[in-house]
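Read it with the structure open.

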2 protein chains.
Amino acid sequence: MTAGDGISSRRTTIYDLARIVGTSPTAVSSVLNGSWKKRRISQKLADRVLSAAEENGYALNIQASVLRREKSNIVGMIIPKYDNRFFGAIAERFEEAARAEGLFPVITCTQRDPDLEVEAARGLLSYQVDCLVACGATNPDHIAELCAANGVATINLDLPGGRAPSIISDSYSGALDLTNVILDACERDLGSRAPLVFIGGRLDDHNTKERRRGFLDAHAARGIEVPEGNVLMPGYAPEKARAVLERMPAQARGIFVNSTITLEGVVQWMQSLPPAEAAAMRYGSFDYDPFGALLPQNVGMVEQDVPSLIAALVARMSDLPNAPIDVTKVPCILRLPQITPPHGAPSHSNRGMPNDHMRS
Amino acid sequence: MTAGDGISSRRTTIYDLARIVGTSPTAVSSVLNGSWKKRRISQKLADRVLSAAEENGYALNIQASVLRREKSNIVGMIIPKYDNRFFGAIAERFEEAARAEGLFPVITCTQRDPDLEVEAARGLLSYQVDCLVACGATNPDHIAELCAANGVATINLDLPGGRAPSIISDSYSGALDLTNVILDACERDLGSRAPLVFIGGRLDDHNTKERRRGFLDAHAARGIEVPEGNVLMPGYAPEKARAVLERMPAQARGIFVNSTITLEGVVQWMQSLPPAEAAAMRYGSFDYDPFGALLPQNVGMVEQDVPSLIAALVARMSDLPNAPIDVTKVPCILRLPQITPPHGAPSHSNRGMPNDHMRS
DNA sequence: CAATTATGCTCTATCGGTTGAGCATCGCAA
DNA sequence: TTGCGATGCTCAACCGATAGAGCATAATTG
């Protein structure tokens, strides 16, 4: 393309191209959006239009295009944070999947702020999104209502709602597995059969509720009773976790951590213990983090299967708006610590070792 | 608002509201966009319009609005990945800052793929962005040309370019500091004055070039010569790092890691060493990761100052399009390992301990 | 009381692309 | 030579919001 002179006052439009090529704006439009075959434009004219567009660095004005069309092909997502691997992966995969479907993804981050969530949703509605994905929303039903009022379909991701189809991880089974792994490690490494401590989240949060249920059931299956004081749910923040851990039951040896964010606080707390005391502890955490997985007393992480979550999401999106209001549960992946192989030997593989499912 | 019946065929427009309230679309529009005072609409009518909008769940059609206006108030950003703390924080803070300025941010992730970068930039141009931020772009000048051809201003973030203002971290000074920290630790803990190993990145990458320069200068200032084989730049991927580390110079005790992504590979490799051998190593890394910071032999991380980077970015954005094509360097923050306090004592604070600059 | 100003609103064109309808021209068969 | 479909393109309306111009009516001034 010719390098813009930097002060090219106006952007190139189909009217400019029409004048340059010597044809009508309609012909230009149909060539550029691919409907020219149907509209019986000659190959010759199409070629001329395309090369003129190239030469002039033409970029479609989506605003005008969407304004006229019935579907925008824009799909929106609200997401709480970008600061952990789970949500980061969700955002990346969602963008990838949307593009593969010929859709344009717009993601916006709501900082776990309920007001910002609604504001962000309204913002995306302004973009005429065909569909809005509410990921980890504190009040998915409110979002769903707002969208319904505008005739826009919604899907809930990560946290379920009652007014739209939901795609979530099977937190219960994941928690059951993780609890068993930690209990096994405590018995094997430390000879302890004491109940674990559950830390992080809030009881009004669906995932926390399910994970707590799995945690308790795993104990029950072994006939281990869990005192109420062993379940600590002060939210997700690391500082909160550190604070409540100061009052942790003395005999506890194993910790079930509800999220990697909370895990930060747990690890900080553990590093403040005398080394011998810290060495006599084991923990496992929900959500996967590559560095978190490498920390000394970590005996397992439950990774949410992001590619499958997104695949389920895309499948539901194609059914919209007639999709049933149901909940799809996607199994989690249990990641066990990599067995450190003898030096120089090929790295020994076990289920879910740290290199699976990583960067594509 | 009245709960949508789910089949509300069309979205509410200003024409609907005008009919409901019994006034003109112009009046409705001016009330909703705030220009009603200037247009001498009465408070009474404004109130009626606002409550009708509320009741009908009205959401502005940005497409139509932007189409008519001269400025879109949309700012775009392309970013390579969401999978580490640095880019995650950049995305979050950028959204926050843009909203605070009354702008609408649209971020799109390019997977470090040069073609996708251009495609994504073109996509954002379609949205009539007023300004496009190219963050960590492999070819910022290409993006800048594309934008110039459309009369859109660009700013480079993280990696500099020659055709637009650039905001980057002061990699050289950060690398100098980090190298000194690692050298000190090797001497103090291991009694070693051997040159460090530099790992990660590519020499055609500006940040890598600057960090390598700081790395070499820190050695030179101590009169330590660095053999060429100590500088390993096989890209950023963890597997690449692991592969080249197999051929690491035998006498090396300290490693300068160019990014947290590369650090993943370094730590995996180190865990494959016999424990005694691993214990006799120290490393430090560019970019901060809360879990990475807590790993045993980590003696320091250099955190890029995201809030300051974004502040500088916003400052430049307000100068556009007349901003000079210059490079703004923002100092990095050196994060040293937290001194583990005696059990029960209040946590001892040193420069850049893990809780500074974290979640707001 | 006429002239002026202020108040409160409406009309109309417009942004750029899309879509259905329409209009020439050409080739070919009857 | 007329008729008819196929080919290749253009016209005009429209999507929803906005901005400038305009036009009543009410309030104020000389």
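## Helix packing and sheets

The crossing of H5(B) and H13(B) is right-handed. A crossing gets that name if the near helix is turned clockwise from the far one by less than a right angle, and is left-handed if the turn is anticlockwise. Helices (H or I, at least four residues) and strands (E, at least two) are DSSP runs, numbered from the N terminus.

This is a predicted model: local features need pLDDT of at least 70, side-chain atom pairs count only at pLDDT 80 or more, and totals for chains, interfaces and linings use all residues. Residues are numbered from 1 along each chain as its sequence is written, chains are lettered from A and ligands numbered from 1 in the order in which they are written, and side-chain values use heavy atoms, with hydrogens and water left out.

**Helix pairs in chain B**

Two packed helices are described by the angle between their axes and the distance between the axes. Axes are lines fitted to C-alpha atoms, for helices over the stretch in contact, and angles run from 0 to 180 degrees between N-to-C directions.

| Helix pair | Angle | Axes |
|---|---|---|
| H5(B) (residues 85–100) and H13(B) (residues 306–319) | about 45 degrees | 9 Å apart |
| H1(B) (residues 14–21) and H2(B) (residues 25–33) | about 110 degrees | 8 Å apart |
| H8(B) (residues 171–190) and H9(B) (residues 206–221) | roughly 45 degrees | within 7 Å |

Angles under 35 degrees count as roughly parallel, over 145 as roughly antiparallel, 65 to 115 as roughly perpendicular and the rest as oblique. H1(B) and H2(B) are therefore roughly perpendicular to each other. Their contact (heavy atoms within 4.5 Å) involves B:Ile14, B:Tyr15, B:Leu17 and B:Ala18 of H1(B), and B:Pro25, B:Val28, B:Ser29 and B:Leu32 of H2(B). By class, it has 7 nonpolar, 1 polar and no charged residues. Here Ala, Val, Leu, Ile, Met, Phe, Trp, Tyr, Cys and Pro count as nonpolar, Asp, Glu, Lys and Arg as charged, and the others, Gly among them, as polar.

What is the make-up of the contact of H5(B) with H13(B)? From H5(B) come residues including B:Phe86, B:Ile90 and B:Arg93, and they meet residues of H13(B), among them B:Leu309, B:Leu313 and B:Met317. The classes are 11 nonpolar, no polar and 1 charged.

H8(B) and H9(B) are oblique to each other. Their crossing is right-handed. The contact of H8(B) with H9(B) has 6 nonpolar, 6 polar and 4 charged residues.

**The sheets**

In chain A, 6 strands form an open sheet of mixed pairing, in the order S7-S6-S8-S9-S10-S12. Strands S7 (231–232) and S12 (333–335) of chain A stand at the edges with a single partner strand each, so one side of each has no neighbour in the sheet. Two strands pair if DSSP finds at least two bridges between them. S6 (residues 197–199) and S8 (residues 254–257) of chain A run parallel, joined by 3 bridges. One bridge links A:Phe198 to A:Phe256 in S8(A). Helix H9 (residues 206–221) of chain A packs on this sheet and touches S6, S7, S8 and S9 of chain A.

In chain B, 6 strands form an open sheet in the order S7-S6-S8-S9-S10-S12, with mixed pairing. H8(B) lies across S8, S9, S10 and S12 of chain B, at about 165 degrees to S9(B).
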